[in-house]
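Please look through the sequence and the model below. The report that follows goes from the confidence of the prediction to the helices, the surface and a few single residues.

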Amino acid sequence: MKTTIQVSKKTLQLLNILKERLSAKSYDELLRRMALEKLNITTSMFGSNPKLSSFREEEEAEFHEL
């Protein structure tokens with residue numbers, strides 16, 4: 001599902017600079033990265049418990065979404 005957010009022109013300029021510097025493909029990717037970093041959330045916990053069996057690729061993709 002897509003949505004629209006409203007930001008000022010100055011904020012858009014800052015987002016454009018960050019998007020370029022971080023090589024983000026979209027604003028969504030940029031904002032997600034910044035939010036995860038600020039909230040101190042790791043992007044993946046796979047492999048953190050050696051007692052777990054390996055996941056199949058489909059399972060990892062399913063559980064990787066936030």
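Over the chain the mean pLDDT is 81, and 62% of the residues reach 70 or more. This is a predicted model, in which local features need pLDDT of at least 70 and side-chain atom pairs count only at pLDDT 80 or more, while totals for chains, interfaces and linings use all residues. Residues are numbered from 1 along each chain as its sequence is written, and side-chain values use heavy atoms, with hydrogens and water left out.

**Helices**

The chain holds three helices and zero strands, and from the N terminus on its elements run α-α-α. Helices (H or I, at least four residues) and strands (E, at least two) are DSSP runs, numbered from the N terminus. The table gives the spans of two helices, from first C-alpha to last. The expected span is 1.5 Å times one less than the number of residues.

| Helix | Length | Span | Expected span |
|---|---|---|---|
| H1 | 13 residues | 18 Å | 18 Å |
| H2 | 12 residues | 16 Å | 16 Å |

In H1 the span is close to the expected value, and the span of H2 is likewise close to its expected value.

**Surface**

The accessible surface of the chain comes to about 6,700 Å², and 54% of this belongs to carbon and sulfur atoms. Accessible areas come from the Shrake-Rupley method with a 1.4 Å probe; for residues, only the protein chains shown count as cover. Of the 66 residues in the chain, 6% are buried. Buried means under 20% relative accessible area, exposed means over 50%, and partly exposed lies in between (1.4 Å probe, protein chains only).

Ile5, Val7, Leu12, Tyr27 and Leu31 make a nonpolar surface patch of about 400 Å². Patches are made of residues with over 30% relative accessible area and no salt bridge; like charges are joined within 9 Å, and nonpolar side chains (Val, Leu, Ile, Met, Phe, Trp, Tyr) within 5 Å. Val7, one of the patch residues, lies in the segment before helix H1 (9-21). Val7 is partly exposed, with a relative accessible area of 37%.

Asp28 is exposed, at 52% relative accessible area, and Arg32 is partly exposed, at 39%.

A salt bridge also joins the side chains of Glu29 and Arg33, with an N to O distance of 2.4 Å. Glu29 and Arg33 are both in helix H2, and they too are four residues apart, about one turn. Glu29 is partly exposed, with a relative accessible area of 24%; Arg33 is partly exposed as well, at 35%.

**Lys19 and its contacts**

Lys19 lies in helix H1 and is partly exposed, at 22% relative accessibility. Which residues does Lys19 contact, leaving aside its neighbours within four places in sequence? They are Ala24, Lys25, Ser26, Tyr27 and Leu30, where contact means heavy atoms within 4.5 Å. Lys19 and Leu30 are 11 residues apart in sequence, and their C-alpha atoms are 6.1 Å apart in space.

**Positive phi angles**

Most residues other than glycine have a negative phi. Ser23 is not a glycine, yet its phi is positive, about 55 degrees. Just after H2, Asn40 takes a positive phi of about 60 degrees.

Definitions and conventions
Salt bridge = Lys/Arg side-chain N within 4 Å of Asp/Glu carboxyl O. pLDDT = per-residue confidence, 0-100.
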